[in-house]
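Here are my notes on this one, point by point. Have the model open while you read.

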Amino acid sequence: MALPRVNISNRKASFEFQFLDKLEAGIVLVGSEIKSIHEGKANLGDAYCLFINDELWVRNMYIAEYAQSSHYNHEPKRDRKLLLHRRELSKLQSKLREKGLTIIPVKLYLNDKGIAKIEVVLARGKKLYDKRHDIKKREAERDMARHSHK
């Protein structure tokens with residue numbers, strides 16, 4: 001039986017942030033969470049990452065409670081630990097000390113073995129004029145595509 005393709009992304013992130021570095025991390029989950037992810041019932045909209053005791057955690061990532069679970073269900077927005085190699089963690093920590101950088105989860109998916117992975121990016125918040133520039137560029141590309149089809 002083929003595993004369902006789960007690919008939950010944070011589309012808003014690329015508009016709000018400029019991506020500098022991308023990493024794939026494992027994520028520590030409980031059984032009812034992985035079952036909800038299999039059903040695609042998760043949201044990265046307000047999620048962000050932070051360091052707690054030299055470990056990387058994701059906060060505000062929503063994973064719906066699993067309907068068939070009994071009283072052992074999980075807290076939908078609990079903090080979840082991310083798994084990265086020690087040198088990746090220390091590299092991220094040192095870069096976070098730079099002003100204006102943050103770590104954001106942009107994609108939650110299941111790999112070929114059915115293991116939940118989360119793609120996190122080191123990002124810098126965009127200024128308002130950067131966002132305006134992106135909008136103009138996107139509109140120009142759309143216009144060019146529209147006129148080339150005629």
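1. Which residues in helix α2 (residues 31–38) are buried? Keep in mind that this is a predicted model. The buried ones are Ser 32, Glu 33, Ser 36 and Ile 37. They sit on the same side of α2, because they cover an arc of only 140° around the axis.

2. After the helix comes Gly 40, with a positive phi near 80°.

3. With a relative accessibility of 0%, Glu 33 counts as buried, and it forms a salt bridge with Arg 80, where the closest N and O atoms are 2.7 Å apart. Since Glu 33 is in helix α2 and Arg 80 in strand β7, this pair ties together parts that are 47 residues apart in sequence. Arg 80 is buried too, with a relative accessible area of 0%.

4. Glu 33 also forms a salt bridge with Arg 78, the closest N and O atoms being 2.8 Å apart. Here the link runs from helix α2 to the loop between β6 and β7, with the two residues 45 apart. Arg 78 is partly exposed, at 25% relative accessibility.

5. On to strand β5 (residues 55–59), where the side chains alternate.

6. What does β5 pair with? Strand β4 (residues 48–52) runs antiparallel to β5 and is joined to it by five bridges, with Phe 51 opposite Leu 56. The two strands form a hairpin with two residues between them, and Asn 53 in the turn has a positive phi of about 50°. β5 is also antiparallel to β7, through two bridges; there Val 58 stands opposite Arg 80.

7. Last, the other salt bridges. The count comes to nine. One of them joins Lys 22 and Glu 119, with the closest N and O atoms 3.8 Å apart. Lys 22 is in strand β2 (residues 17–27) and Glu 119 in strand β9 (residues 116–125), so the pair connects parts 97 residues apart in sequence. Lys 22 is exposed at 51% relative accessibility, while Glu 119 is buried at 15%. Asp 21, Lys 91 and Lys 95 are linked in a salt-bridge network.

Terms used
Residues numbered from 1 in each chain as written. Predicted model: local features only at pLDDT ≥ 70, side-chain atom pairs only at ≥ 80, totals over all residues. Heavy atoms only, no water. Buried < 20%, exposed > 50% of the residue type's maximum accessible area, 1.4 Å probe, protein only. Helix = DSSP H or I, 4+ residues; strand = E, 2+ residues; numbered from the N terminus. Arc of directions from axis to C-beta. Pairing = 2+ DSSP bridges. Salt bridge = Lys/Arg side-chain N within 4 Å of Asp/Glu carboxyl O.
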